[in-house]
Structure formats: C-alpha cells, structure tokens
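Have a look around first, then read on.

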Amino acid sequence: MNNFSVIVFDLGNVLIPFDYNIIINKLENIEEGLGVRFYKFYQNNYYVHKDFEKWSISTEKFIEIMLKWADNKIDAETFCKIYSEVFTVNTQVTDLLPLLKKNYKLVLLSNTNYIHQKYGWQQYHFLKNFDKLILSHEVHAVKPEPEIYQAVMNFTNEAAEKHLFIDDVEEYVEGAKAMGWDAVQYVSYEKLIRDFTSRNIKY
C-alpha cells in the first residue's frame with residue numbers, strides 16, 4: 001500500500017491551462033502578421049524561453065529580445081501584460097487542493113518565469129493551499145533536471161518514495177520517477193481521480 005506524505009503539482013496546464021494563441025491574436029490586432037511572426041521567432045528560438053525560466057538571462061534582456069521579435073510595436077509593460085494574460089484556472093483540480101491539504105504536504109513545482117509570476121498567476125487564491133512554491137527561475141533549474149526535484153525534497157525532508165507528482169508533460173513525469181518519486185501524467189480531471197483512487201489518496 002502506498003504511503004504518500006507529499007503531493008507535488010505542476011502549475012501550467014494542470015492547475016492553470018494556458019493558450020499562446022491569445023498572445024498571437026492580441027499582436028495581430030496591433031498589426032496584421034505581427035502575432036504570427038512573433039510566435040515563429042518564439043518557437044524557433046525556444047532556448048530563450050528556457051533560459052529565462054532558469055533566470056540565466058535577466059528579465060530586462062528577455063524583454064529586450066521579445067520587443068525586438070514584436071518589431072518594437074509595443075512597450076515593455078504592454079508586452080508583460082499580453083505575455084501573461086494567457087491563463088485560466090482549472091477549478092476542478094484547484095478545488096481538490098484544500099481537501100488534499102488536510103492529509104498531505106502540498107508543493108507547487110513549476111517551470112515558470114518572473115514575468116508570468118508577477119503579471120499572470122501570483123494573485124490566484126488557490127496558491128495559499130501550498131506549503132511551498134518551487135519555481136524554476138528561483139532555483140535556477142528546470143524540469144526534468146534533477147536539481148529542481150531535489151529542491152522539493154530539500155524542503156519536504158521526506159524520502160523520495162513519499163512524493164507523488166502530477167504533471168502534464170511526460171518527460172517531466174519521467175524525471176520525477178528517476179528521482180524515486182511516484183508520478184502521473186495529467187491528461188484530464190477524470191484520469192487524475194482514477195490515479196488518486198488507485199493510490200488510496202485521501203481527499
């Protein structure tokens with residue numbers, strides 16, 4: 001029988017779905033073709049996004065690059081807002097958090113960045129249910145790097161097998177398993193409930 005003491009949640013596309021088409025459409029409204037061009041640069045140079053998630057490039061440098069890709073048609077503040085207004089809340093899952101909190105330590109583990117945190121999601125009330133937020137840009141590591149999972153265990157001070165991880169990205173699920181955690185891929189609320197039930201998770 002599993003005996004978990006920690007449940008670790010990913011943020012994006014588990015608790016808060018996001019849609020980059022929102023960015024594309026807003027830029028298209030500024031100038032036809034701008035959104036499509038911007039997103040092509042973003043995809044083709046995705047290492048810039050990953051570097052920013054690790055905060056190995058500064059916020060100022062990241063914004064400078066983004067504004068260049070947007071042909072300098074917007075200012076920094078406008079970019080930060082457009083870039084971050086891509087999230088909605090998956091209330092089916094967030095409603096489970098206060099129930100799970102009664103029996104488990106809850107940790108948020110996210111590849112994210114300072115702009116998304118400040119402008120996008122830090123005001124969401126469901127975050128108060130977490131005992132700790134482990135954020136890639138604060139620990140300078142991203143999933144599936146071992147260091148970011150270790151940062152969770154440094155906080156929880158629990159054995160690896162006591163951790164259950166939920167993430168929508170299979171590669172990140174496998175990264176957690178490589179650390180000795182149990183982990184499941186988030187596909188739907190219904191599957192998550194089945195995964196919890198099969199592991200005797202109380203909520």
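## Before we start

Contact here means that heavy atoms lie within 4.5 Å. Keep in mind that this is a predicted model.

With that in hand, take His116, which sits in helix H8. Is His116 buried or exposed? His116 has a relative accessible area of 6%, so it's buried. Skipping the neighbours within four places in sequence, His116 is in contact with Tyr20, Tyr83, Ser84, Phe87 and Trp121. Lys102 is another story: it's 14 residues from His116 in sequence, yet the two C-alpha atoms are 29 Å apart in space.

Two packed helices are described by the angle between their axes and the distance between the axes. Start with helix H1 (residues 21–30) and H2, whose axes come within 6 Å and cross at roughly 135°. That angle makes H1 oblique to H2. On the H1 side you'll find Ile23, Ile24, Leu27, Glu28 and Ile30, and they meet Leu34, Gly35, Val36, Phe38 and Tyr39 in H2. Sorted by class, this H1 and H2 contact has eight nonpolar residues, one polar and one charged.

Next up, helix H2 (residues 34–44) packs with H4 at an angle of about 135°, their axes 9 Å apart. H2 and H4 are therefore oblique to each other. Phe38, Phe41 and Tyr42 of H2 make this contact with Phe62, Met66 and Trp69 of H4. The classes here are six nonpolar, no polar and no charged residues.

H4 has another partner. How do the axes of helix H4 (residues 59–69) and helix H5 (residues 76–84) cross? They come within 10 Å and cross at roughly 90°, so H4 and H5 are roughly perpendicular to each other. Here Phe62, Ile63, Met66 and Leu67 in H4 meet Ala76, Phe79, Cys80 and Tyr83 in H5. That contact of H4 with H5 has eight nonpolar residues, no polar ones and no charged ones.

## Two nonpolar cores

Which residues touch the most other members of the largest nonpolar core? They're Phe9, Leu15, Phe62 and Phe79, in a core of 51 residues. H4 gives the most to this core, with six residues. Leu15 has quite a list of contacts beyond its neighbours within four places in sequence, including Phe9, Val89, Leu97, Leu108, Phe126 and Phe130. Apart from this core lies another one, of 18 residues, among them Val107, Ala151, Phe165 and Ala176.

## A pair of rings

A pair of aromatic rings is described by the distance of the centres and the angle of the planes. The count for this model comes to 23 aromatic pairs. One to look at is Phe9 with Phe130: the ring centres are 6.3 Å apart and the planes are at 75°, so the pair is edge-to-face. Phe9 is in strand S1 (residues 6–9), while Phe130 is in the loop between helix H8 (114–121) and strand S3 (132–135), so this pair links distant parts of the chain, 121 residues apart. Both Phe9 and Phe130 are buried.

## Met153 and His163

Met153 lies in helix H10 (residues 146–156), and at 11% relative accessibility it counts as buried. Leaving out neighbours within four places in sequence, Met153 is in contact with Glu158, Ala160, His163, Met179 and Trp181. Val107 is 46 residues from Met153 in sequence, and their C-alpha atoms are 10.0 Å apart in space.

His163 is found in strand S4 (residues 163–167). With a relative accessible area of 0%, His163 is buried. Among the contacts of His163 beyond its neighbours within four places in sequence are Phe4, Val6, Val8, Met153 and Asp182.

A few spots are worth a look along the backbone. Lys143 and Pro144 are joined by a cis peptide bond, with omega about 5°. Pro144 has its place in the loop between helix H9 (136–139) and H10.

Then there are two asparagines. Asn13 has a phi near 70°, a positive value in a residue other than glycine. You'll find Asn13 in the loop between S1 and H1, and at 28% relative accessibility it counts as partly exposed. Asn200 isn't a glycine either, but has a positive phi of about 60°. Asn200 is in the segment after helix H12 (189–198), and counts as partly exposed at 44% relative accessibility.

How values were computed: Residues numbered from 1 in each chain as written. Predicted model: local features only at pLDDT ≥ 70, side-chain atom pairs only at ≥ 80, totals over all residues. Heavy atoms only, no water. Phe/Tyr/Trp six-rings, centres within 6.5 Å; stacked < 30°, edge-to-face > 60°. Helix = DSSP H or I, 4+ residues; strand = E, 2+ residues; numbered from the N terminus. Buried < 20%, exposed > 50% of the residue type's maximum accessible area, 1.4 Å probe, protein only. Axes fitted to C-alpha atoms, helices over the stretch in contact; angles between N-to-C directions. Parallel < 35°, antiparallel > 145°, perpendicular 65-115°, else oblique. Nonpolar A, V, L, I, M, F, W, Y, C, P; charged D, E, K, R; others polar. Core = buried A, V, L, I, M, F, W, Y, C linked by side-chain atoms within 4.5 Å.
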